[in-house]
Amino acid sequence: MPLFRPVLSLFYLLPIIFLPSFCSAADPYASYEFRVSYITASPLGVPQKVIAVNGNFPGPPINVTTNYNVAVNVWNDLDENLLMTWSGIQMRRNSWQDGVLGTNCPIPPKWNWTYQFQVKDQIGSFFYFPSINFQKASGGFGPFVINNRDIIPIPFAQPEGDIFIMIGDWFTRDHTALRADLSSGKELGIPDGVLINGKGPYQYNATLVPAGIQYETIRVDPGKTYRLRVHNVGISTSLNFRIQSHNMLLAETEGHYTVMQNYTDFDIHVGQSYSFLVTMDQNASTDYYIVASARFVNESLWQKVTGVAILHYSNSKGPATGPLPDPPNDFYDKERSMNQARSVRQNVSASGARPNPQGSFHYGQINVTQTYLLKGEPLVTINKTARATFNGISFIPPKTPIRLADQHKVKGAYKLDFPDMPLNRTPRADISIIDAAYKGFIEVIFQNNDSIIHSVHLDGYSFFVVGMGYGDWSEDKRGSYNKWDAITRSTSQVYPGAWTAVLISLDNVGVWNLRAENLDRWYLGQETYLRIVNPEENGKTEMAAPSNVLYCGALQSLQKEQHHGNANSIFKGHSKLFITLLMALLNVAFLLS
């Protein structure tokens, strides 16, 4: 997989830019074909089954520009159902494309399904991954980039190029074995390692790292500045990311530009994405280590859970040697990581996807219409099975997707009774979701009474992370909220024994998954959905179900036999335009060759 992309190849663009009938000329179309299959790989030196996209692990990047219409035709070559989701992509008015069980019926084995959506009013760094059956633990993920339109400048000098870095904890047992462990009540235990771009660690220590493991090498030129888009695509481990002897200038996170600050190391929690600008300003006497190591763990037991890649200057004179750069020394300073998180603030003067400044939405002056306190606790036993909960409810995925059930008036598909605060009652498994009011402005407090750090994620939205602190949340904590330049994002950490507060403007109609991004907790039921319906819907605030919608559950009888196609089939009637564009691009390529 090409992880360094200084210039997007013309030939890479050839199959993707079209203007189908439901797009305006101002909003081009990009289409992708994804074949999701098993391959055998040995990222930690042990042959195992991993999930590849188009034969690549990690999968290929999706690279588009604000307001592009995107079609991704996903072919399921696995032996079980599949859904792909697009973490951080808001799917404006179109939760039909979100790719989780509350919005979509899964793609059966040997079937294909085309996702069609617009990346409306978004920029930034995101990723995609398989959302069901614990499949993410075996791969299937890849980067998703939305570039600024040319008319809107980025708030920093144009970097030499993008470098995609996907980090995450990894087990040598595949997803089927891991989910079987969870289903039987077992803990997953300590991961076998950390991968960087699907590869194991460089042998920095012969005792900890066996010989023969393939490692990642990032090749750069001295004096140049690169944009590193770093994603934690792991299962449940927070990772500290650092580059030996190099500063990392934070520039963007999950679609929003930040106040630019230098860091020597940075904690990246499960499901989070960041952009750093890194200047290659060191001497080239040796290569340099790139490190992603486990956080908030007993380091003596977790020494092997460290990913190591190599930063190689084009004029480097030798390999990296010696010990790794030190991890944070904060055993006696539990506020260190939280203070770092609080330091991430929004660049309120920069333009994002639109020409108006990111700070023009004065969220701190808006009255809150509803408050939800969601408490996560250690695993509980429900029906003799270990389960994870929010407010004492362990979610059961609906057999019929929620809006599809609404459209066909399916009774009992879900319950609109999710409590807005913890209740003093026995935990239960249920299909309870949140009945959220369209155009409301809500406050959500995540209280983590578990012993591990949680990542929480909301599909369809970005939220303002206005506060976090240790102890139990109480109303007086609102006095500490950041009401001016809080970062806007879709995934936030909640430290153990602590709370995180977010504000959300409910302007995106649909059904949106609210979940623990820790894959084990999500699999065991720590999720729910926000159902947001416009009571005066006239077709302008929510799209209709797509013509290729899949049916399942109570509507299974409506599913017709599938006739296979590809993403370009949606361009029927535009072949003449395609040929014109193709010839024009080929002429440009010839002139530049």
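Select I165 and V230 to begin: the two are bridge partners, V230 belonging to strand 13, in a scheme where helices (H or I, at least four residues) and strands (E, at least two) are DSSP runs numbered from the N terminus. The model is predicted, so local features need pLDDT of at least 70 and side-chain atom pairs count only at pLDDT 80 or more, while totals for chains, interfaces and linings use all residues. Residues are numbered from 1 along each chain as its sequence is written, and side-chain values use heavy atoms, with hydrogens and water left out.

Now widen the selection to strand 10 (residues 162-170), which runs parallel to strand 13 (residues 225-232) and is joined to it by 6 bridges; two strands count as paired if DSSP finds at least two bridges between them. Strand 10 also pairs with strand 11 (residues 193-196), here in the antiparallel sense and over 4 bridges, and D169 has V194 of strand 11 as its bridge partner.

Follow the chain onward to V209, in the loop between strand 11 and strand 12 (217-220). V209 counts as buried at 3% relative accessibility, and when its neighbours within four places in sequence are set aside, it is in contact (heavy atoms within 4.5 Å) with P201, Y202, Q203 and Y204.

Next, select helix 2 (residues 175-183), where H175, L178, R179, D181 and L182 are buried. Looking down the axis of helix 2, you will find these buried residues within an arc of 150 degrees, so they line one face of the helix; the arc is that of the directions from the helix axis to the C-beta atoms. The buried residues pack against strand 2 (29-41), strand 3 (48-53) and helix 5 (519-523). After helix 2 comes G185, with a positive phi near 95 degrees.

Which cysteines does the disulfide join? Show C105 and C552, whose sulfur atoms are 2.1 Å apart, a disulfide being a pair of cysteine sulfur atoms within 2.5 Å; by this rule the count comes to 1. C105 lies in the loop between strand 6 (84-87) and strand 7 (112-118), and C552 in the loop between strand 34 (527-533) and helix 6 (575-592), so the pair ties together parts that are 447 residues apart in sequence. The torsion about the S-S bond is about -80 degrees, so the disulfide is left-handed. C105 is buried at a relative accessible area of 4%, and C552 is buried at 11%.

For the last stop, display the open sheet of 5 strands, ordered 21-27-32-29-30 with mixed pairing. Strand 21 (370-376) and strand 30 (488-489) stand at its edges with a single partner strand each, so one side of each is left without a neighbour in the sheet. Strand 21 pairs with strand 27 (residues 441-448) in the parallel sense over 7 bridges, and there L373 has I445 of strand 27 as its bridge partner.

Notes: Buried means under 20% relative accessible area, exposed over 50%, partly exposed in between (1.4 Å probe, protein chains only).
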